[in-house]
Amino acid sequence: MAVAVSAASLLSCGDPVEVVPEGVLKIFADKQAIAADGADCVTFRVMFGSQDVSNDRTMKLVWTSGGKTVEMSAGANVFSTTAAGEYVFKAYLYSGGDNWSENEIVINASPVEGQKSYVQKVIGEQFTSVGCVNCPTLSYQIKNVQAQMPQVLIPLSFHMDYNMTDPMTVEATGLFYKAYGMSGLPYFNLNMRKRDGGVDREAIKEAIEEELELYPATCGVAVDTEYDDASRELSVTTRITSNVAARYKYHVFLVESGIEYAQSGADAGYIHDNVVRKMFATDVTGLNMNKKNPFTPGVEVTAVNSTALPEDWNVDNMKVVVIAMTTSDGGVTFNCNNANECRIGEKADYLIK
């Protein structure tokens, strides 16, 4: 619920006090310059007359930079970035109708020098089902994109029950499906950042290029795995080193390819690849790392997870995908900053440009 506040309490940190007329939406910021390190942030105050709607679920901040316009998550009023440039902000509020802030605020994000240059990987989330007749088309498009943009895209295929029971369905699918507010299949997303779900090859390529441009990686990811054939016990060590003092969370996924199972809309012998078998986290924001504290630049942080693999999973066709997550909206959402992968029983070191 929005709470009425006095004009004197509109802003702190030395910002000017201003009375906002009733029925008028206005945006304020505690600073107008930040470092593009993913850690330094600006906090906005959004006022609708005398009401503070900064965290209202019907309020969204919208920024434009370099010709790109991005709508932030509902109720998020904190912004940070890893891409240097000028960002122009406005606020939108639905309150008995559409309201746009009468003003806009320009935030300048300055580049950070001396960072190690890590190869950046992009996570592609495919939502699919054996009961979806149009889903095989997306699988083919993903393979085409991987061929045209090698060593960039790491696909994760999330199965769900759709028109029929899908034996590859995992609980994680429902969690992401709900978080994104999706409807229908097929659906494709990038870096756990909600998009329009476009499944055309050129649209996917353009979205990947935009992701690399708007959200440069600030860290490197390495993964070590140990697997015991007799017990089928798997241990995964996640290693992350950051260039900046940002907070990170992480995801670990077990993925299997080469699964033959009947698929609606496809010929007999259809092969399912990149199938998510297990997500170690219990929610979409991932697992905490470094006790929720910001990383020390250049200092590696590790985390270990282990599990026993079911007998019906083909270990020879499986890999581990590890994802480093950061937030650009003060912790409302966490998105992939960088990732790495390796086969079970093997390891993958940091990728340096």
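Predicted model: local features only at pLDDT ≥ 70, side-chain atom pairs only at ≥ 80, totals over all residues.

Colleague: What makes E22, E16, E15 and E25 an open sheet?

Modeller: The four strands follow one another in the order E22-E16-E15-E25, with antiparallel pairing. Strand E22 (301-308) and strand E25 (347-348) each have a single partner strand, so one side of each is left without a neighbour and the two stand at the edges.

Colleague: How do you know that E15 and E25 count as a pair?

Modeller: Pairing requires at least two bridges between the strands, and two bridges join E25 to strand E15 (residues 219-228), the two running antiparallel. Asp224 stands opposite Lys347 in E25. The number of bridges therefore meets the cut-off of at least two.

Colleague: Which residues of H1 are called buried, and what do they pack against?

Modeller: The label goes to residues under 20% relative accessible area, and in H1 these are Cys135, Pro136, Leu138, Ser139, Gln141, Ile142 and Val145. These buried residues pack against strands E12 (122-128), E13 (153-159) and E14 (187-190), and against helix H3 (201-214).

Colleague: How many cavities are there of 30 Å³ or more, and what lines the largest cavity?

Modeller: The lining of the largest cavity comprises 14 residues, among which Gln126, Ser139, Ser157, Tyr270 and Asp273 lie nearest its centre. H1 gives the most to that lining, with four residues, while E12, H1, E13 and strand E19 (271-272) each supply at least two. By class, the lining divides into four nonpolar, eight polar and two charged residues.

Colleague: What lines the second largest cavity, and how does that lining divide by class?

Modeller: The second largest cavity is lined by Tyr118, Val119, Lys121, Gly220, Val221, Asn338, Ala339, Asn340 and Leu351. E15 and strand E24 (335-343) are the elements that give two or more residues to this lining, and E24 gives the most, with three. The lining of the second largest cavity divides into five nonpolar, three polar and one charged.

How values were computed
Residues numbered from 1 in each chain as written. Heavy atoms only, no water. Buried < 20%, exposed > 50% of the residue type's maximum accessible area, 1.4 Å probe, protein only. Contact = heavy atoms within 4.5 Å. 1 Å grid on protein atoms, 1.4 Å probe; cavity = no way out; pocket = protein on both sides within 12 Å on 5 of 7 lines; lining within 4 Å. Nonpolar A, V, L, I, M, F, W, Y, C, P; charged D, E, K, R; others polar.
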